[in-house]
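Hello,

Here is the structure we talked about handing over. Please open it alongside this note. What was found follows below.

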Amino acid sequence: MNQKDKWMRGIPYQGNKGQKAQQIMDILPGGKRLIDLFGGGGSISLFATQQDKWQQIIYNELNRDIYQMFTEFIINHNQIDLTAFAVPNRERFFDALKKTDRTLADNIILTCWSFSNDRRSFLWGKKNEIKILVSRALFFGDTGTKYDALYEEASKLTTIREKYAYYHKFRLERLQQLEQLEQLEVSNKDYADVQIGKDDVVYCDPPYGNSRDYKDVPEWNPERFHEWYMKCPAKDIYISEYTPLPDTEIVADLGNKHRFTATCKRKHELLLKVKK
Ligand SMILES: C[S@@+](CC[C@H](N)C(=O)[O-])C[C@H]1O[C@@H](n2cnc3c(N)ncnc32)[C@H](O)[C@@H]1O
(Lines give C-alpha, C1' and ligand atoms only; values in the text may rest on other atoms or scores of the structure.)
Protein backbone atom coordinates (compact mmCIF):
# COMPACT_ATOMS: atom_id res chain seq x y z
CA MET A 1 0.00 0.00 0.00
CA ASN A 2 1.48 3.35 -0.93
CA GLN A 3 1.78 6.26 1.48
CA LYS A 4 -1.09 8.29 0.08
CA ASP A 5 -3.57 5.43 0.62
CA LYS A 6 -2.62 4.76 4.26
CA TRP A 7 -5.54 6.86 5.52
CA MET A 8 -7.85 4.09 4.29
CA ARG A 9 -6.68 1.87 7.14
CA GLY A 10 -8.59 4.18 9.47
CA ILE A 11 -7.89 4.22 13.19
CA PRO A 12 -5.33 1.68 14.41
CA TYR A 13 -7.69 -0.12 16.73
CA GLN A 14 -7.57 -3.79 17.61
CA GLY A 15 -9.01 -6.11 14.99
CA ASN A 16 -8.30 -3.58 12.23
CA LYS A 17 -8.88 -5.27 8.88
CA GLY A 18 -6.66 -2.89 6.90
CA GLN A 19 -4.44 -5.66 5.53
CA LYS A 20 -7.30 -7.82 4.30
CA ALA A 21 -9.69 -5.05 3.34
CA GLN A 22 -8.99 -5.06 -0.39
CA GLN A 23 -9.45 -8.86 -0.55
CA ILE A 24 -12.76 -8.48 1.26
CA MET A 25 -13.81 -5.67 -1.09
CA ASP A 26 -13.15 -7.90 -4.11
CA ILE A 27 -15.41 -10.64 -2.73
CA LEU A 28 -18.38 -8.67 -1.40
CA PRO A 29 -21.14 -8.21 -4.00
CA GLY A 30 -21.94 -4.71 -5.21
CA GLY A 31 -25.29 -3.08 -4.44
CA LYS A 32 -26.96 0.08 -3.28
CA ARG A 33 -25.73 0.15 0.31
CA LEU A 34 -22.93 -1.56 2.18
CA ILE A 35 -23.42 -1.76 5.93
CA ASP A 36 -20.20 -2.18 7.92
CA LEU A 37 -21.94 -3.24 11.11
CA PHE A 38 -18.92 -3.61 13.43
CA GLY A 39 -16.92 -0.74 11.98
CA GLY A 40 -14.09 -0.47 14.57
CA GLY A 41 -11.18 1.51 13.11
CA GLY A 42 -13.15 1.90 9.89
CA SER A 43 -10.87 0.25 7.32
CA ILE A 44 -13.72 -1.60 5.61
CA SER A 45 -15.88 1.53 5.29
CA LEU A 46 -12.98 3.60 4.00
CA PHE A 47 -11.83 1.01 1.48
CA ALA A 48 -15.46 0.71 0.38
CA THR A 49 -15.55 4.42 -0.49
CA GLN A 50 -12.84 3.72 -3.09
CA GLN A 51 -14.58 0.87 -4.92
CA ASP A 52 -17.44 2.14 -7.06
CA LYS A 53 -19.48 -0.85 -5.88
CA TRP A 54 -21.97 0.84 -3.56
CA GLN A 55 -23.78 4.16 -3.65
CA GLN A 56 -23.81 4.47 0.09
CA ILE A 57 -21.75 3.04 2.92
CA ILE A 58 -22.88 2.90 6.53
CA TYR A 59 -20.20 2.66 9.22
CA ASN A 60 -21.60 1.50 12.55
CA GLU A 61 -19.69 1.05 15.80
CA LEU A 62 -21.09 0.70 19.31
CA ASN A 63 -18.03 1.85 21.24
CA ARG A 64 -18.46 5.61 21.65
CA ASP A 65 -14.77 6.41 21.90
CA ILE A 66 -13.83 4.52 18.76
CA TYR A 67 -16.82 6.01 16.98
CA GLN A 68 -15.76 9.48 18.09
CA MET A 69 -12.14 8.97 17.01
CA PHE A 70 -13.28 7.75 13.63
CA THR A 71 -15.58 10.69 13.05
CA GLU A 72 -13.11 13.27 14.43
CA PHE A 73 -9.93 12.07 12.77
CA ILE A 74 -11.23 10.60 9.57
CA ILE A 75 -14.46 12.36 8.70
CA ASN A 76 -13.95 15.85 10.19
CA HIS A 77 -10.25 15.98 9.40
CA ASN A 78 -11.11 15.84 5.75
CA GLN A 79 -13.47 18.77 5.89
CA ILE A 80 -11.41 21.87 5.55
CA ASP A 81 -12.95 24.91 7.23
CA LEU A 82 -12.01 27.72 4.87
CA THR A 83 -12.98 30.48 7.30
CA ALA A 84 -10.23 29.39 9.71
CA PHE A 85 -7.58 30.47 7.26
CA ALA A 86 -7.76 34.26 7.10
CA VAL A 87 -4.07 35.24 7.21
CA PRO A 88 -2.52 38.56 6.10
CA ASN A 89 -0.43 37.34 3.18
CA ARG A 90 -1.25 40.32 1.03
CA GLU A 91 0.56 42.56 3.54
CA ARG A 92 3.48 40.21 3.50
CA PHE A 93 3.72 40.53 -0.26
CA PHE A 94 3.74 44.32 -0.07
CA ASP A 95 6.21 44.29 2.82
CA ALA A 96 8.57 42.27 0.69
CA LEU A 97 8.00 44.62 -2.20
CA LYS A 98 8.96 47.64 -0.06
CA LYS A 99 12.19 46.11 1.23
CA THR A 100 15.54 46.89 -0.29
CA ASP A 101 17.38 44.07 1.47
CA ARG A 102 15.22 41.06 0.55
CA THR A 103 15.61 37.58 1.99
CA LEU A 104 15.31 34.46 -0.13
CA ALA A 105 11.77 34.03 1.27
CA ASP A 106 10.86 37.59 0.20
CA ASN A 107 12.09 36.83 -3.28
CA ILE A 108 10.19 33.56 -3.58
CA ILE A 109 7.00 35.32 -2.42
CA LEU A 110 7.46 38.14 -4.90
CA THR A 111 8.10 35.70 -7.72
CA CYS A 112 5.33 33.26 -7.01
CA TRP A 113 2.60 35.62 -5.88
CA SER A 114 2.91 38.20 -8.59
CA PHE A 115 0.87 38.39 -11.75
CA SER A 116 2.89 36.84 -14.61
CA ASN A 117 5.66 36.59 -12.02
CA ASP A 118 6.37 40.27 -12.50
CA ARG A 119 7.29 40.61 -8.81
CA ARG A 120 5.26 43.84 -8.61
CA SER A 121 1.52 43.17 -8.92
CA PHE A 122 -0.15 40.99 -6.36
CA LEU A 123 -1.66 37.94 -8.04
CA TRP A 124 -4.92 37.26 -6.26
CA GLY A 125 -7.99 39.26 -5.34
CA LYS A 126 -9.35 39.32 -1.80
CA LYS A 127 -11.77 36.48 -2.59
CA ASN A 128 -8.87 34.05 -2.99
CA GLU A 129 -7.34 34.12 0.47
CA ILE A 130 -7.25 30.33 0.52
CA LYS A 131 -4.88 30.19 -2.45
CA ILE A 132 -2.56 32.56 -0.69
CA LEU A 133 -2.61 30.45 2.42
CA VAL A 134 -1.92 27.22 0.54
CA SER A 135 0.98 28.78 -1.29
CA ARG A 136 2.46 29.93 1.97
CA ALA A 137 2.14 26.41 3.36
CA LEU A 138 3.74 25.05 0.20
CA PHE A 139 6.80 27.28 0.34
CA PHE A 140 7.33 27.93 4.06
CA GLY A 141 5.19 25.49 6.02
CA ASP A 142 4.55 28.14 8.67
CA THR A 143 0.81 28.81 8.44
CA GLY A 144 -0.09 26.77 11.51
CA THR A 145 -2.81 25.10 9.41
CA LYS A 146 -3.28 21.59 8.00
CA TYR A 147 -1.85 22.83 4.71
CA ASP A 148 1.63 22.89 6.25
CA ALA A 149 1.62 19.14 5.54
CA LEU A 150 2.37 20.14 1.94
CA TYR A 151 5.68 21.66 2.96
CA GLU A 152 7.53 18.46 3.85
CA GLU A 153 7.22 17.02 0.35
CA ALA A 154 7.36 20.35 -1.46
CA SER A 155 10.63 21.34 0.25
CA LYS A 156 12.31 18.41 -1.50
CA LEU A 157 11.33 19.89 -4.87
CA THR A 158 13.55 22.57 -6.32
CA THR A 159 11.54 24.53 -8.84
CA ILE A 160 8.41 26.60 -8.31
CA ARG A 161 6.79 24.73 -11.17
CA GLU A 162 7.40 21.39 -9.43
CA LYS A 163 6.05 22.71 -6.17
CA TYR A 164 2.85 23.95 -7.78
CA ALA A 165 2.45 20.71 -9.72
CA TYR A 166 2.72 18.89 -6.40
CA TYR A 167 0.11 21.20 -4.86
CA HIS A 168 -2.36 20.59 -7.73
CA LYS A 169 -1.93 16.84 -7.42
CA PHE A 170 -2.53 17.07 -3.69
CA ARG A 171 -5.63 19.22 -4.22
CA LEU A 172 -7.06 16.80 -6.74
CA GLU A 173 -6.54 13.79 -4.50
CA ARG A 174 -7.92 15.66 -1.52
CA LEU A 175 -11.03 16.71 -3.42
CA GLN A 176 -11.58 13.18 -4.65
CA GLN A 177 -11.22 11.92 -1.08
CA LEU A 178 -13.79 14.45 0.10
CA GLU A 179 -16.23 13.49 -2.63
CA GLN A 180 -15.80 9.83 -1.86
CA LEU A 181 -16.36 10.37 1.86
CA GLU A 182 -19.68 12.01 1.06
CA GLN A 183 -21.17 8.55 0.51
CA LEU A 184 -20.24 7.52 4.04
CA GLU A 185 -22.72 7.71 6.91
CA VAL A 186 -21.84 6.84 10.48
CA SER A 187 -23.80 5.43 13.41
CA ASN A 188 -23.08 4.51 17.03
CA LYS A 189 -25.52 1.69 17.84
CA ASP A 190 -25.73 -1.89 18.86
CA TYR A 191 -25.67 -3.93 15.65
CA ALA A 192 -29.21 -5.16 16.21
CA ASP A 193 -30.53 -1.58 16.19
CA VAL A 194 -29.23 -0.68 12.74
CA GLN A 195 -32.02 -0.46 10.13
CA ILE A 196 -31.31 -2.96 7.38
CA GLY A 197 -33.23 -3.64 4.16
CA LYS A 198 -33.38 -6.77 2.02
CA ASP A 199 -31.12 -5.35 -0.71
CA ASP A 200 -28.37 -4.18 1.63
CA VAL A 201 -24.99 -5.90 1.58
CA VAL A 202 -24.08 -6.45 5.22
CA TYR A 203 -20.51 -7.01 6.33
CA CYS A 204 -19.93 -8.16 9.92
CA ASP A 205 -16.56 -8.19 11.63
CA PRO A 206 -17.77 -8.97 15.15
CA PRO A 207 -15.65 -9.72 18.20
CA TYR A 208 -14.43 -13.23 17.43
CA GLY A 209 -16.20 -16.19 19.01
CA ASN A 210 -16.28 -15.92 22.82
CA SER A 211 -13.76 -13.12 22.79
CA ARG A 212 -13.82 -10.72 25.73
CA ASP A 213 -11.17 -8.50 24.26
CA TYR A 214 -13.30 -5.47 23.43
CA LYS A 215 -13.70 -2.78 26.02
CA ASP A 216 -16.78 -0.66 26.75
CA VAL A 217 -19.19 -2.92 24.90
CA PRO A 218 -21.34 -5.71 26.37
CA GLU A 219 -19.82 -9.18 26.45
CA TRP A 220 -20.18 -10.82 23.06
CA ASN A 221 -23.12 -13.20 22.81
CA PRO A 222 -22.73 -15.58 19.83
CA GLU A 223 -26.25 -17.04 20.22
CA ARG A 224 -27.84 -13.61 20.08
CA PHE A 225 -25.80 -12.83 16.96
CA HIS A 226 -26.90 -16.10 15.33
CA GLU A 227 -30.54 -15.36 16.05
CA TRP A 228 -30.10 -11.84 14.69
CA TYR A 229 -28.55 -12.86 11.38
CA MET A 230 -31.15 -15.55 10.80
CA LYS A 231 -33.86 -12.88 11.14
CA CYS A 232 -32.06 -10.06 9.36
CA PRO A 233 -33.92 -9.27 6.09
CA ALA A 234 -30.75 -8.77 3.99
CA LYS A 235 -29.94 -11.52 1.48
CA ASP A 236 -26.21 -10.81 1.46
CA ILE A 237 -24.74 -11.10 4.94
CA TYR A 238 -21.00 -11.72 5.20
CA ILE A 239 -19.06 -12.43 8.37
CA SER A 240 -15.33 -12.41 9.11
CA GLU A 241 -14.48 -15.19 11.55
CA TYR A 242 -11.77 -17.73 12.37
CA THR A 243 -14.15 -20.70 12.52
CA PRO A 244 -17.35 -21.46 10.59
CA LEU A 245 -20.55 -20.35 12.31
CA PRO A 246 -23.95 -22.09 12.22
CA ASP A 247 -25.95 -21.56 9.00
CA THR A 248 -23.02 -20.11 7.10
CA GLU A 249 -20.77 -21.26 4.27
CA ILE A 250 -17.14 -20.37 3.71
CA VAL A 251 -16.77 -18.12 0.68
CA ALA A 252 -13.07 -17.36 1.11
CA ASP A 253 -10.08 -18.26 3.23
CA LEU A 254 -8.09 -15.06 3.59
CA GLY A 255 -5.04 -16.84 4.90
CA ASN A 256 -3.08 -16.61 8.11
CA LYS A 257 -3.60 -13.98 10.69
CA HIS A 258 -0.21 -12.78 11.89
CA ARG A 259 -0.81 -13.87 15.43
CA PHE A 260 -0.36 -17.19 17.18
CA THR A 261 -3.03 -18.89 19.23
CA ALA A 262 -2.41 -20.48 22.61
CA THR A 263 -1.62 -23.76 20.82
CA CYS A 264 0.86 -21.95 18.55
CA LYS A 265 -1.17 -22.69 15.45
CA ARG A 266 -1.78 -19.83 13.09
CA LYS A 267 -5.44 -18.92 12.75
CA HIS A 268 -7.01 -18.60 9.33
CA GLU A 269 -9.28 -15.66 8.64
CA LEU A 270 -12.43 -16.84 6.93
CA LEU A 271 -15.09 -14.92 5.11
CA LEU A 272 -18.46 -16.58 5.70
CA LYS A 273 -21.80 -16.04 4.00
CA VAL A 274 -25.08 -16.61 5.80
CA LYS A 275 -27.20 -19.40 4.28
CA LYS A 276 -30.93 -19.41 4.94
C1 LIG B 1 -13.08 -7.04 14.97
S2 LIG B 1 -13.51 -5.39 15.42
C3 LIG B 1 -13.89 -4.61 13.90
C4 LIG B 1 -12.66 -4.14 13.15
C5 LIG B 1 -12.94 -3.34 11.88
N6 LIG B 1 -13.49 -4.16 10.80
C7 LIG B 1 -11.67 -2.64 11.37
O8 LIG B 1 -11.19 -2.92 10.27
O9 LIG B 1 -11.12 -1.83 12.13
C10 LIG B 1 -15.08 -5.59 16.20
C11 LIG B 1 -15.76 -4.26 16.63
O12 LIG B 1 -17.11 -4.54 17.01
C13 LIG B 1 -17.46 -3.59 18.05
N14 LIG B 1 -18.63 -4.13 18.77
C15 LIG B 1 -18.66 -5.01 19.79
N16 LIG B 1 -19.94 -5.29 20.16
C17 LIG B 1 -20.74 -4.57 19.31
C18 LIG B 1 -22.16 -4.45 19.16
N19 LIG B 1 -23.01 -5.11 19.96
N20 LIG B 1 -22.64 -3.64 18.17
C21 LIG B 1 -21.81 -2.95 17.36
N22 LIG B 1 -20.44 -3.03 17.46
C23 LIG B 1 -19.91 -3.83 18.42
C24 LIG B 1 -16.18 -3.53 18.89
O25 LIG B 1 -16.14 -2.36 19.68
C26 LIG B 1 -15.08 -3.58 17.81
O27 LIG B 1 -14.69 -2.29 17.43
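Two residues are in contact if their C-beta atoms, placed from the backbone, lie within 7 Å. Keep that in mind for Tyr238. Leaving aside residues up to four places away in sequence, Tyr238 touches Leu28, Val202, Tyr203, Cys204, Leu271, Leu272 and Lys273. Note that this is a predicted model.

Tyr238 also belongs to the largest nonpolar core, which has 34 residues. Tyr238 is one of those with the most contacts inside this core, and so are Leu34, Leu37, Val202, Tyr203, Cys204 and Ile237. Several elements give two or more residues to the core, including helix H1 (21–27), strand S1 (31–36), strand S4 (201–204) and strand S5 (236–241).

Now helix H6. It runs over residues 129–140 and has 12 residues. From first C-alpha to last it reaches 16 Å, close to the 16 Å expected. Its buried residues are Ile132, Ser135, Arg136, Ala137, Leu138 and Phe139. Gly141 follows H6, with a positive phi near 60°.

Next, the ligand. Which residues come nearest to the ligand? They are Gly15, Lys17, Phe38, Gly40 and Gly41, out of 23 around it. The shell divides into 10 nonpolar, nine polar and four charged residues.

Finally, the whole chain. The protein chain has nine helices and seven strands. Of its 276 residues, 25% count as buried. Among contacts between residues at least 6 apart in sequence, 60% join residues at least 24 apart.

Best wishes

How values were computed: Residues numbered from 1 in each chain as written. Predicted model: local features only at pLDDT ≥ 70, side-chain atom pairs only at ≥ 80, totals over all residues. Near = placed C-beta within 6 Å. Nonpolar A, V, L, I, M, F, W, Y, C, P; charged D, E, K, R; others polar. Core = buried A, V, L, I, M, F, W, Y, C linked by C-beta atoms within 7 Å. Buried ≥ 20, exposed ≤ 12 C-beta atoms within 10 Å, placed from the backbone. Helix = DSSP H or I, 4+ residues; strand = E, 2+ residues; numbered from the N terminus. Expected span 1.5 Å × (residues − 1).
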